[in-house]
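Dear colleague,

Please find below the structure that I am handing over to you. My notes on it follow directly after.

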Amino acid sequence: MKIIACYSNKGGVGKTASAVNLAHLMAQSGQKVLLCDLDPQGASAFYFRLKPAKKLTEDSFFTDHDKLLKAIKGSDYENLDVLPANMDFRDFDIFLSRLAKGHGALKKTLKSVKKDYDIVLLDCPPTISMLSESVFSCADKVIVPVIPSTLSERTLEQLLDFFTQHKLEKSKILAFFSMVQVSKKLHLDTMQRLGEQHADMLLSTYIPFSSHIERMGVNRAPATDFAKATPAAQHYLDLWRELVTRI
Ligand SMILES: Nc1ncnc2c1ncn2[C@@H]1O[C@H](COP(=O)(O)OP(=O)(O)O)[C@@H](O)[C@H]1O
Ligand SMILES: [Mg+2]
């Protein structure tokens with residue numbers, strides 16, 4: 001089982017949109033996928049028309065295997081299950097910081113679903129915290145959407161610094177450009193510059209800014225389903241194909 005975290009320490013960069021579309025494409029390609037929503041806002045499950053996991057507290061998420069399994073729901077798509085988040089998930093950090101081995105807690109939890117899934121995709125909240133450290137430690141790859149603009153670039157540098165300071169494996173990080181508008185010179189210039197600086201970690205596929213992706217909230221489905229013939233869906237498919245070569 002591979003664990004892929006969709007992560008950025010910045011909000012609104014396309015983590016959830018990417019996690020939802022990639023989970024759908026992975027499942028379509030025959031992989032058994034669990035999309036695990038770690039963000040208390042619960043957007044991933046919302047996109048799949050699922051309700052928040054009511055009885056799953058921060059404690060039971062990490063310590064009660066049966067409750068965790070019961071909270072996992074099937075989606076409308078073959079091979080794709082979702083573990084919805086709820087507002088209790090906002091306390092993950094406090095809970096993990098009280099544990100002696102908080103860093104390893106997520107890995108231990110996910111071990112309990114190891115035999116059921118080929119891929120667990122984690123939709124992460126935009127924090128650098130104990131939970132993210134637990135994510136970085138258990139993930140095989142950390143995929144990071146980056147809007148090619150100044151603040152998003154800055155957060156990528158902060159993430160790289162964090163990995164250096166905490167002696168984490170930088171080779172886990174795979175970044176890709178998100179919400180790209182090729183008509184903007186700033187986007188093109190940033191993509192070229194970062195592409196030269198971080199050639200090893202930057203994927204060559206980018207996700208364009210797309211009204212179809214924005215409409216996922218209205219349609220409550222992956223764009224790779226309801227808008228499968230559009231360039232946005234094709235870019236997600238290309239992203240998944242490129243990821244396969246790096247996992
Ligand atoms: N490629 C895209 N093009 C246009 N809008 C996008 C794109 N990706 C995400 N969005 C929109 O931007 C907002 C933030 O995206 P989201 O995936 O929720 O970000 P995050 O999970 O990083 O906070 C949402 O309203 C979403 O619909
Ligand atoms: Mg999100």
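Ligand 1 sits in the largest pocket. A pocket here is an open set of points on a 1 Å grid over the protein atoms alone, with protein on both sides within 12 Å along at least five of seven lines. A molecule counts as sitting in a pocket if more than half of its atoms lie within 2 Å of the pocket's grid points.

Before the details, some conventions apply: this is a predicted model, in which local features need pLDDT of at least 70 and side-chain atom pairs count only at pLDDT 80 or more, whereas totals for chains, interfaces and linings use all residues. Residues are numbered from 1 along each chain as its sequence is written, chains are lettered from A and ligands numbered from 1 in the order in which they are written, and side-chain values use heavy atoms, with hydrogens and water left out.

The ligand site

Ligand 1 is surrounded by 15 residues, of which Gly 12, Lys 15, Thr 16, Ala 17 and Ser 210 are the closest; a residue is near a molecule if one of its heavy atoms lies within 4 Å of it. By class, this shell holds 8 nonpolar, 5 polar and 2 charged residues. In that scheme Ala, Val, Leu, Ile, Met, Phe, Trp, Tyr, Cys and Pro are nonpolar, Asp, Glu, Lys and Arg are charged, and the others, Gly among them, are polar.

Two helices, H1 (15–28) and H10 (211–214), each supply at least two residues of the shell. The most comes from H1, with 3 residues. Helices (H or I, at least four residues) and strands (E, at least two) are DSSP runs, numbered from the N terminus.

A polar backbone atom of Gly 12 is 2.7 Å from an oxygen atom of ligand 1. For Ala 17, a backbone N or O atom lies 2.9 Å from an oxygen atom of ligand 1. On its own, ligand 1 has 560 Å² of accessible area, and the protein covers 79% of that; the areas come from the Shrake-Rupley method with a 1.4 Å probe.

Thr 16, one of the closest residues to the ligand, is found in helix H1. Thr 16 is buried, with a relative accessible area of 16%. Buried means under 20% relative accessible area, exposed over 50%, and partly exposed in between (1.4 Å probe, protein chains only). From C-alpha to C-alpha, Thr 16 and Pro 145 are 9.9 Å apart in space and 129 residues apart in sequence.

Backbone angles

Most residues other than glycine have a negative phi. Arg 49 has a positive phi, near 60 degrees, and its place is in the loop between helix H2 (43–47) and helix H3 (58–63). Arg 49 is exposed, at 51% relative accessible area. Asn 79 also has a positive phi, of about 70 degrees, and is found in the loop between strand S3 (73–74) and strand S4 (80–83). Asn 79 is partly exposed, at 24%.

Buried positions elsewhere

Which helix holds Leu 159? Leu 159 is found in helix H8 (residues 150–165) and is buried, at 0% relative accessibility. Phe 136, in helix H7 (residues 130–138), is buried at 1% relative accessibility. Pro 84 is placed in the loop between S4 and helix H5 (92–98), and is buried with a relative accessible area of 0%.

With kind regards

Definitions and conventions:
A polar contact is a pair of N or O atoms within 3.5 Å; within protein, one must be able to donate a hydrogen and the other to accept it, and residues adjacent in sequence count only if both atoms are side-chain atoms. On a 1 Å grid over the protein atoms alone, a cavity is a set of points where a 1.4 Å probe fits but cannot get out, and a pocket is an open set with protein on both sides within 12 Å along at least five of seven lines; lining residues have an atom within 4 Å of a point.
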